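Welcome! Take a moment to look over the model shown here, and then we will walk through it together.

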Amino acid sequence: MILEVAILKIKEGVSEEFEETFKNAEAIISSMKGYISHQLKKCIEEEDKYLLLVNWETLEDHEIGFRKSEEYKVWKDLLHHFYEPFPTVEHYR
């Protein structure tokens with residue numbers, strides 16, 4: 001199992017909209033091959049900061065199966081405009 005970790009810094013003032021939009025995006029990621037589970041955690045210390053944790057069966061399921069899919073284009077359209085700056089994504093065993 002691979003853990004994808006992304007720290008999401010959201011543009012000021014749009015965190016509620018991000019959270020609502022993320023609820024729609026969850027259906028996309030959870031339908032992907034190799035997806036196991038995910039958590040979105042809101043930071044206590046910083047108002048517009050979140051931690052996204054996604055468990056995948058393999059690194060390829062995330063990097064190739066999801067990121068090169070048509071579903072990822074929809075995910076990107078839904079969420080990427082909220083980020084400032086764009087998040088760094090790391091993977092852990």
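## A question to start

Are phenylalanine 22 and tryptophan 75 buried or exposed? Both of them are buried, where buried means under 20% relative accessible area, exposed over 50% and partly exposed in between, with a 1.4 Å probe and protein chains only.

Before going on, a word on the model and its numbering. This is a predicted model, in which local features need pLDDT of at least 70, side-chain atom pairs count only at pLDDT 80 or more, and totals for chains, interfaces and linings use all residues. Residues are numbered from 1 along each chain as its sequence is written, and side-chain values use heavy atoms, with hydrogens and water left out.

## The overall plan

The protein has three helices and four strands, and from the N terminus on they run β-α-β-β-α-α-β. Helices (H or I, at least four residues) and strands (E, at least two) are DSSP runs, numbered from the N terminus.

The radius of gyration is 13 Å, close to the 12 Å that the globule rule gives for 93 residues, so the protein is as compact as a globular protein of that length. This radius is taken over C-alpha atoms, and the rule is 2.2 Å times the number of residues to the power 0.38. Of the 93 residues, 39% count as buried.

## Helix α1

Helix α1 covers residues 15-30.

Which residues of α1 are buried? They are Ser15, Phe18, Thr21, Phe22, Ala25, Ile28 and Ile29. What covers them includes the strands β1 (2-9), β2 (35-42) and β3 (49-56), along with α2 (59-66) and α3 (70-79).

## Rings that meet

The structure holds 10 aromatic pairs. Rings of Phe, Tyr and Trp (its six-membered ring) pair if their centres lie within 6.5 Å; planes under 30 degrees apart count as stacked, over 60 as edge-to-face and the rest as tilted. Phenylalanine 22 and tryptophan 75 form an edge-to-face pair, 5.8 Å centre to centre with 70° between the planes. This pair links helix α1 to helix α3, with the two residues 53 apart in the chain.

Tyrosine 35 and tryptophan 56 have ring centres 6.2 Å apart and planes at 85°, so they are edge-to-face. Tyrosine 35 lies in strand β2 and tryptophan 56 in strand β3, so this pair ties together parts 21 residues apart in sequence. Tyrosine 35 is buried at 18% relative accessible area, and tryptophan 56 is buried at 0%.

Notes: The expected span of a helix is 1.5 Å times one less than its number of residues. Contact means heavy atoms within 4.5 Å.
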